Amino acid sequence: AVILSVAAFLTATVIGVGCSKAKEGQLPSYKDGDTWTYETSYEGSYYTVTYEATGEESVDGKDCWIIKQTISPALMGISSTTGKYNKTSLFPLQVQGSGSIMGMPFSASVTYSYQPSEASYYPLEVGNEVTVTETMTTTSEAAGQTQTETETTTHTYKVEAVEEITVEAGTFNCFKITDGSTTIWYSDEVKQDVKRIEAVSYTHL
């Protein structure tokens, strides 16, 4: 098996929104058809990434939103994913995706668990801080081979400020949330990040 690992900074800004507004600082709720479109830059290339709320489902007894992601052109071989996000935190519990690299199809499934299990940085208020340990298990399949990797990381999310951010979709008042090398600007009006900068890595067969 050939293992490909990539690490770089990813920047995403919202360029289109189709949803109603959430209450200030409160955990948002979604309805089928809510959409968010982002322009994403990664290693000097640009991608259009669209998220759409498509339903609800329970994962291990936890109620989740189902969010479908489409990527054009494919990023690191992946053109679409489906994620299930805990309604009480918006942390992902399961994400599945597939694609191909150099003509070789592959699929990947990621499951997440957290300690404490109900950790959340909502409701958002400047100065709020929460530390959560995330365990991520990735199972990749390609060329008839399966590889499973488990990684545990500790995140400390801090609501640092309220800032006005201008992107292609407009100007929004946002909560600035940091976690190590990741910074996001979340808008109640959008019910998602308006802008995100993060260091990302990706490994598959």
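**Figure 1. The hairpin of strands S3 and S4 in the predicted model**. Two residues separate S3 from S4 in this hairpin, and Asp 60 in the turn has a positive phi of about 50°. The pairing between S3 and strand S4 (residues 62-75) is antiparallel and extends over 11 bridges. Within this pairing, Tyr 51 stands opposite Gln 69 in S4.

**Figure 2. The hairpin of strands S2 and S3**. Strand S2 (residues 35-42) runs antiparallel to strand S3 (residues 45-59), and eight bridges join them. Tyr 42 faces Ser 45 of S3 as its opposite residue. Two residues lie between the strands of this hairpin, in which Glu 43 takes a positive phi near 50°.

**Figure 3. The aromatic pair of Tyr 38 and Tyr 51**. The structure holds 10 aromatic pairs. In the pair shown, the rings of Tyr 38 and Tyr 51 are arranged edge-to-face, at 5.7 Å centre to centre and with 90° between the planes. Tyr 38 belongs to strand S2 and Tyr 51 to strand S3, 13 residues apart, so that the pair links distant parts of the chain. Tyr 38 is buried, with a relative accessible area of 7%, whereas Tyr 51 is partly exposed at 25%.

**Figure 4. The aromatic pair of Tyr 122 and Tyr 186 and the ring cluster**. Tyr 122 and Tyr 186 form an edge-to-face pair, with 5.8 Å centre to centre and 85° between the planes. The pair links distant parts of the chain, 64 residues apart: Tyr 122 is in the loop between strand S7 (104-115) and strand S8 (129-142), and Tyr 186 is in strand S11 (residues 182-187). Both Tyr 122 and Tyr 186 are buried.

**Figure 5. Nonpolar cores**. The largest nonpolar core comprises 37 residues, and those with the most contacts inside it are Tyr 121, Leu 124, Ile 177 and Val 194. Beyond its neighbours within four places in sequence, Tyr 121 is in contact with Phe 91, Val 130, Tyr 157, Ile 177 and Ile 184. Another core, of nine residues, lies apart from the largest one and includes Tyr 42, Val 49, Ile 71 and Ala 142. In soluble globular proteins, nonpolar side chains tend to be buried together.

**Figure 6. Lysine side chains over tryptophan rings**. Lys 87 lies over the face of Trp 65, at 4.2 Å from the ring centre. The charged end of Lys 195 is placed over the ring of Trp 185, 5.4 Å from its centre.

Figure 7. In the bridge between Asp 34 and Lys 191, the closest N and O atoms are 3.4 Å apart. Asp 34 and Lys 191 are both buried. A further salt bridge joins the side chains of Glu 57 and Lys 84 (2.7 Å, N to O). Glu 57 is partly exposed, with a relative accessible area of 35%, while Lys 84 counts as buried at 14%.

How values were computed:
Residues are numbered from 1 along each chain as its sequence is written. This is a predicted model: local features need pLDDT of at least 70, side-chain atom pairs count only at pLDDT 80 or more; totals for chains, interfaces and linings use all residues. Side-chain values use heavy atoms; hydrogens and water are left out. A nonpolar core is a set of buried Ala, Val, Leu, Ile, Met, Phe, Trp, Tyr and Cys residues joined through side-chain atoms within 4.5 Å. Buried means under 20% relative accessible area, exposed over 50%, partly exposed in between (1.4 Å probe, protein chains only). Contact means heavy atoms within 4.5 Å. Two strands pair if DSSP finds at least two bridges between them. Helices (H or I, at least four residues) and strands (E, at least two) are DSSP runs, numbered from the N terminus. Rings of Phe, Tyr and Trp (its six-membered ring) pair if their centres lie within 6.5 Å; planes under 30 degrees apart count as stacked, over 60 as edge-to-face and the rest as tilted. A charge sits over a ring if NZ of Lys or CZ of Arg is within 6 Å of the ring centre and within 35 degrees of the ring normal. A salt bridge is a side-chain nitrogen of Lys or Arg within 4 Å of a carboxyl oxygen of Asp or Glu.
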